[in-house]
Amino acid sequence: MIEVIKSGPQLSIQDLGRFNYRHLGVSQAGAADSDALRIANRLVGNPDNTPALEVTLGMAQLKFCSSQCFSLSGADMSANLNGARVDPGWSYQAQPGDILTFASSALNLRCYLAFAGGIAATAELGSYSTDIMAGLGANHGRALSAGERIAIHPSSFHPQGFGARLPTRQGPIHFIPEQRDHGLTASIRSAFTEGRWQVAPQSNRMGLRLHWPQHERLRHYLGIASTAVSPGTIQLPGNGEPIVLLNDCQTTGGYPILGHVISADLPRLGQARAGAELQFEPVSLAQAEAINAAHQHELNRLEIAMRGRQHAR
């Protein structure tokens, strides 16, 4: 059992998401940085899709009510266990009464806290992910608050004495250009890829709002018939400031579409803080498949290495 002493800006239970219900208007939800969730779970012997805590911006404080193996992955929020440094990418053992605290990160937005055995919660529509907008998922679809307790499944797993780093994430965000022109001119499309966009403070789990001093170059007066959208869709409102949709986004939208971020780069967007600078690079479908395959290969190699270390013990 874990007790929330302080929840920070947003503390929620997430797994990899809720799939196969978008035709019913149900959002995906799930971990905004799926890579970090996977690695946090692997560090404590859980399947990748095991529900864990998503700590946004930090400033949270948790109390262990029982002996528990846990791990962190994602943003380095200068976490401490009873005042001792806790690094992301490692597993640790906590004892009853221990206090885990989070500060914040100047670079990234979200940290994932996984527990051996996983969080004991109730799934809805095949997922434990918290969809706050819809009130769906674990904890009755609500973010966690101070005073609430989180049940953990029992587990005999113990820290293994090795860590795991997230795959390197650098360079532009790759996207596949939208094949329908939606009336957007070539100059607007080229201006989008030329821009050095900053993540606006109004961004959230529904989408990243982007700003660039020259965004007027992308202004338009177009509208389209409502069409399907998904995490990674890049919408362009008339004000010329794009929105990159994230996990909690709606299922349809009426803004013209510039393209779709490839799956390998979506976890990077889940970590983008307000003020972070992003550039976008168009790729072909074949290039996207190659980048996605390389990214998955890196995750697979990491999993194989971790399993090897566990079996060697």
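**Sheet, helices and pocket of a predicted model**

In strand β17, R209 finds its bridge partner in I243. This contact belongs to the antiparallel pairing of strand β14 (residues 207-211) with strand β17 (residues 243-245), which extends over 3 bridges. Two strands are said to pair if DSSP finds at least two bridges between them, and the elements themselves are DSSP runs numbered from the N terminus, with helices (H or I) of at least four residues and strands (E) of at least two. The model is a predicted one, in which local features need pLDDT of at least 70 and side-chain atom pairs count only at pLDDT 80 or more, while totals for chains, interfaces and linings use all residues. Residues are numbered from 1 along each chain as its sequence is written, and side-chain values use heavy atoms, with hydrogens and water left out.

Both strands sit in an open sheet of 8 strands with mixed pairing, in the order β20-β13-β14-β17-β16-β19-β12-β21. Its edge strands are β20 and β21, each of which pairs on one side only. Strands of a sheet pair through backbone hydrogen bonds, either parallel or antiparallel. Strand β12 (residues 173-177) shows both senses: with strand β21 (residues 280-282) the pairing is parallel over 3 bridges, while 3 bridges join β12 to strand β19 (residues 257-261) in the antiparallel sense. On the β21 side, H174 stands opposite E281; in β19, G259 is the bridge partner of P177.

Aromatic residues also feature in this region. The structure holds 7 aromatic pairs, where rings of Phe, Tyr and Trp (its six-membered ring) pair if their centres lie within 6.5 Å, and planes under 30 degrees apart count as stacked, over 60 as edge-to-face and the rest as tilted. The pair of F175 and F192 is edge-to-face, because the ring centres are 5.4 Å apart and the planes stand at 75 degrees. F175 lies in strand β12 and F192 in helix α3 (residues 186-194), so this pair ties together parts that are 17 residues apart in sequence. With a relative accessible area of 3%, F175 is buried, a term for residues under 20% relative accessible area, as exposed is for those over 50% and partly exposed for those in between (1.4 Å probe, protein chains only). F192 also counts as buried, at 1% relative accessibility. F175, F192, W197, W212 and F280 form one aromatic cluster.

Of its 10 residues, 9 are buried, so helix α1 is largely enclosed by the rest of the structure. Those buried residues are S34, D35, A36, L37, I39, A40, N41, R42 and L43. The N-terminal end of α1 is capped by D33, which places a side-chain oxygen 3.2 Å from the backbone nitrogen of D35. Such a polar contact is a pair of N or O atoms within 3.5 Å; within protein, one must be able to donate a hydrogen and the other to accept it, and residues adjacent in sequence count only if both atoms are side-chain atoms. R42 lies in α1 (residues 34-43) and counts as buried at 8% relative accessibility. A polar atom of the R42 side chain lies 3.0 Å from the backbone oxygen of L299. Just after α1, G45 takes a positive phi of about 80 degrees.

Most residues other than glycine have a negative phi, and most peptide bonds are trans. N20 has a positive phi near 75 degrees; N20 is found in the loop between β2 (10-14) and α1 and is exposed, with a relative accessible area of 67%. N139, which lies in helix α2 (residues 138-141), likewise has a positive phi, of about 55 degrees.

The largest pocket holds about 840 Å³ of space. Of its 32 lining residues, the closest to its centre are N108, L166, P167, T168 and R169. On a 1 Å grid over the protein atoms alone, a pocket is an open set of points where a 1.4 Å probe fits, with protein on both sides within 12 Å along at least five of seven lines, and lining residues have an atom within 4 Å of a point. The elements that give two or more residues to this lining are β5 (68-74), β20 (277-278) and α5 (285-312), and α5 gives the most, with 4 residues. Helix α5 also contains A305, which is partly exposed, with a relative accessible area of 43%.

Technical notes. Grid points are joined across faces, edges and corners, and a volume is the space filled by probe spheres set on the points.
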